[in-house]
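Here is a short report for someone meeting this structure for the first time. Take a look at the chain and its fold before reading on.

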Amino acid sequence: MSSPGDRPRAKPRLSDTYERYALGLARREPRPPPLPANAVPKGGRDARPPASTAPLPAPSRPARPSAPLAARLKRLGVKGWPRRRTFHTRAIPAGCRPCLEGRASTLVVTTLCNRDCFFCFNPRPRADALSVHGRRARSAAEAAALLEGLGIESVGVSGGEPLLFPVRTMKLVRALRRGVEGLRIDVYTNGDLLTPALLRGLKAAGVDSLRLNLAANGYGPGPARLALGWFPDLAVEIPVIPADERKIWRLALGLEEAGVRHLILHELFCSAQNADALGRRGLAAPLPAGRGAGRLTWSGVPASADACLRLVAKAAEAGLRLGLYYCSTGTQQWIAEKALRRPAPGPAGPGRGR
Ligand code: SF4
């Protein structure tokens, strides 16, 4: 729990953005949520250029794997929830379990990044501001109080690239440790800036594990090898670009050799922020101008979903100790629906343990 000195006077309410985000995923015609506070540039909301000329397709129920692929996954003993396109070859990473129950959230340290990945769906222009599930926080203590109010069990400290600001990130992690009892904390990073000193600092601050997006560096396993000494349960978490399927398989073999335990695959998400870039690569249909900009909802790229399933099947066939976990847009929709069904935390307390 927060120490009295750390608490802002008024307890922040449940984030509207959290609810709208969940609604957007759960309903066929989502209402557009307001822009995240950290996406508003100088000059106000009206000064923000449209994020994309392409509207977003309405979220839809994900298609199940084809019958032969479903049979292959079953024969290989791959576990999961086929209806939700959620599959895993080994144990699901510890940080994913609360998330699957709709009891996880994201804290964005900054949306600034040292990379500019075409698939990135963070708001543009990038902004250096702290937010909790899309809601602006002015301090580490306020971020902790917001999370406590959401009644969650696990948080991804993310970006942008949070390790552009290592001191700020560690201060946040310490505030979360003090402020939210029993919270699981994973730091999401592209791994470029990791050093032994920084890894030591993150561990000492109270980080439970790392999530490394190695798609950003072209699938080099170096950051994972380095970080294993401090975070043996780390996970590599990447979007699957269909044209990179072979490179991703080579990465999986490199991670297996290094002793990494988890590789989490997402299908490419097409959002207002990346729809143009995906469209230029033939990964998303070009759509008429105007609609969709600023929505937080997304839809999966079908070719990417198929590549995810093939990689999962291949890992099971090869008997890799590295666990592959396919967390799809179907999984995300499921999570959002669960989160939405939960009662909002009451004004008197965070509602933990409900
Ligand atoms: S490294 Fe991550 S946050 Fe940075 S541009 Fe790439 S996807 Fe976006």
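What follows starts with the whole chain, then turns to one strand, its neighbours and the ligand.

This is a predicted model: local features need pLDDT of at least 70, side-chain atom pairs count only at pLDDT 80 or more, and totals for chains, interfaces and linings use all residues. Residue numbers start from 1 along each chain as its sequence is written.

**The whole chain.** The protein chain holds 11 helices and 13 strands. Helices (H or I, at least four residues) and strands (E, at least two) are DSSP runs, numbered from the N terminus. Of its 354 residues, 50% are buried. A residue is buried if 20 or more other C-beta atoms, placed from the backbone, lie within 10 Å of its own; it is exposed at 12 or fewer and partly exposed in between. Two residues are in contact if their C-beta atoms, placed from the backbone, lie within 7 Å. Among contacts with a separation of 6 or more, 77% link residues 24 or more positions apart.

**Strand S7.** In S7 (residues 184-189), 6 of the 6 residues are buried, so the strand is largely enclosed by the rest of the structure. Arg184, Asp186 and Tyr188 are buried on one side. Ile185, Val187 and Thr189 are buried on the other.

S7 pairs with two strands, S6 and S8. Pairing requires at least two DSSP bridges between strands.

| Strand pair | Bridges | Direction |
|---|---|---|
| S6 (residues 154-158) and S7 | 4 bridges | parallel |
| S7 and S8 (residues 209-212) | 4 bridges | parallel |

Ser154 stands opposite Arg184 of S7. Thr189 has Leu212 of S8 as its bridge partner. From S7 the chain crosses through helix H6 (residues 196-205) to S8, in a right-handed β-α-β crossover. Right-handed means that, with the strands pointing away from the viewer, the path from the first strand over the helix to the second runs clockwise. S6, helix H5 (residues 166-179) and S7 also form a right-handed β-α-β unit.

**Helix H5.** The buried residues here are Thr169, Met170, Leu172, Val173, Ala175, Leu176 and Gly179. Their cover includes strand S3 (104-108), helix H4 (140-150), S6, S7 and H6.

**The ligand.** Around the ligand are Cys113, Arg115, Asp116, Cys117, Cys120, Asn122, Gly159, Gly160, Glu161, Asn190, Asn213 and Ala216. Each has its C-beta atom, placed from the backbone, within 6 Å of the ligand. This shell divides into 4 nonpolar, 5 polar and 3 charged residues. Ala, Val, Leu, Ile, Met, Phe, Trp, Tyr, Cys and Pro count as nonpolar, Asp, Glu, Lys and Arg as charged, and the others, Gly among them, as polar.
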